[in-house]
Amino acid sequence: MTLSSQNNKPKQIILNAFDMNSVGHINHGLWTHPRDESHRFNELSYWTDLAQTLEQGLFDGLFIADITGVYDVYQNGLDLTLKESIQLPSHDPSTLVSAMAAVTQHLGFGVTVNLSYESPYQFARRFASLDHLTNGRIGWNIVTGYLDSAERLIGQKGLKDHDLRYEQAEEFLELCYKFWEGSWEDDAVQKDKLNRVFTDPSKVHAIQHQGKFFQSQGIFQVSPSIQRTPVLYQAGASSKGLAFATQHAEAMFIGADTPEKLKQQVDKIRALALSHGRDEQAIKLFVGISVVTAETDKLAQEKLAEYIRYASPEAGLAHFSSSVGIDLAQFTDDEAIPYKQTNSIASVNNKFKEQKVTRADLKAQHVLGGRYPLIVGSGKTVAKKLIQLLDETGIDGFNLTRTVAPESHQDFIRWVIPELQERGRYKTAYETGSLRHKLFAQGDRLAADHPVQQYRCQSSCAHPKTQQKQTA
């Protein structure tokens with residue numbers, strides 16, 4: 001069986017729109033384009049229109065990024081961040097979901113939440129509620145944070161050590177599993193009007209958790225939702241992050257500057273999943289991309305040239321500076337940027353250790369203000385390149401960033417998706433069911449080989465004592 005085949009059928013591409021509740025997300029500076037409407041990000045109609053557009057294009061999901069904190073590393077301040085709206089202002093992404101779910105039936109919603117600044121109980125309650133309201137279409141992108149500015153905002157002295165953040169994440173997730181999976185039996189809610197029993201008390205169980213970072217006692221307030229646990233996304237690429245992600249995640253975001261390196265990551269992740277006792281295909285792998293497309297290759301190149309006139313590579317550098325925790329403004333364009341160990345995104349920062357990189361190199365990569373791979377061409381050209389990348393590397397799909405909003409997604413739907421469908425590499429209709437079932441075709445709940453299994457409450461669940469598993 002080839003990488004592109006499953007049950008002798010070509011693997012179909014899974015596609016998320018990648019966005020943020022802000023003006024500038026990945027491709028910076030394009031908010032200045034006359035046709036760009038991202039300045040309307042604080043209007044609900046902007047998001048409901050987007051959700052409906054994506055569902056018309058049969059997108060699997062809208063993945064909404066988020067940060068806690070601000071990008072203040074570049075030039076040791078916020079001036080450029082504020083002027084270019086580099087993810088500032090940015091608003092809470094979870095507030096958008098109910099409205100978008102109300103105007104769609106199938107589109108999934110992956111929402112980034114930084115667990116370092118959340119209470120496990122309040123977070124678990126919020127996302128279980130969203131799973132109910134979306135009819136099982138919610139996912140959680142698990143992040144631990146990387147900005148010192150976030151620590152100062154919440155009154156802490158500085159960012160926790162990288163590995164300690166993941167240790168805290170393990171316990172946070174364990175406690176969420178207990179809430180989502182271990183407090184209520186599936187048939188606890190009776191809705192029996194005749195006998196005046198809405199919930200059977202014998203089927204609701206208290207959680208008892210005493211851990212290093214968190215403590216909790218009592219029952220979860222939310223009855224079981226369709227998925228119970230939201231679809232779990234993660235982007236860990238450090239050794240600690242990979243260990244965490246391959247144990248827990250159902251989808252991961254990865255990236256590399258060559259297909260060969262991408263395939264190495266894919267193979268490593270599949271092997272690590274197996275080492276945790278999971279199926280090697282238990283994790284869907286996504287790569288972030290930017291696409292500029294039109295009716296012909298020539299028109300696409302002309303559109304790219306037009307976009308470049310409005311993009312801001314320097315704003316991209318400012319974003320990148322905070323990602324690696326190094327002020328890139330201190331170097332000349334042709335000066336090699338030295339590696340410096342920081343508590344920021346380890347996998348991005350390692351680039352300076354592995355190869356010579358200058359500001360000029362980074363600016364060339366940020367021609368549209370963002371560092372994601374840029375694919376330019378007609379729908380046919382783009383479709384061929386996406387299929388080739390999928391088949392060569394073994395990934396499962398793409399996170400499509402916006403360039404000029406909303407036309408970039410509209411262009412992709414108009415020109416690229418029909419070409420993918422013609423080649424049998426993209427669905428022509430949605431499957432029914434939850435987000436998890438659409439992704440894996442194996443039901444609404446996490447698989448039996450997932451570590452959540454040890455926290456699940458079965459119908460034979462006794463009263464509180466069965467949930468007294470403690471964390472050392």
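Helix α8 (residues 259-275) has 17 residues and runs 24 Å from its first C-alpha to its last, close to the 24 Å expected at 1.5 Å a residue. That expected span is 1.5 Å times one less than the number of residues. Helices here are DSSP runs (H or I, at least four residues) and strands are E runs of at least two, numbered from the N terminus. The model is predicted: local features need pLDDT of at least 70, side-chain atom pairs count only at pLDDT 80 or more, and totals for chains, interfaces and linings use all residues. Residues are numbered from 1 along each chain as its sequence is written, and side-chain values use heavy atoms, leaving out hydrogens and water.

**Helix α8**
- Leu-262, Val-266, Ile-269, Arg-270 and Ala-273 are the buried residues of α8 (under 20% relative accessible area; exposed is over 50%, partly exposed in between; 1.4 Å probe, protein chains only).
- Seen down the α8 axis, these buried residues fall within an arc of 100°, so they line one face of the helix. The arc is taken from the directions from the helix axis to the C-beta atoms.
- Exposed Glu-260, Gln-264 and Ser-275 sit on the face turned away from the buried side of α8.
- The buried residues pack against α7 (239-248), β12 (251-254), β13 (284-294) and α14 (379-393), where contact means heavy atoms within 4.5 Å.

**Helix α4**
- The 14 residues of α4 (residues 120-133) should span 20 Å at 1.5 Å a residue, and the end C-alpha atoms are 20 Å apart, which agrees.
- Buried in α4 are Pro-120, Tyr-121, Phe-123, Ala-124, Phe-127, Ala-128, Leu-130 and Asp-131.
- Their cover includes α3 (97-102), β5 (108-114), β6 (138-143) and α6 (162-182).
- Asn-135 follows α4, with a positive phi near 60°.
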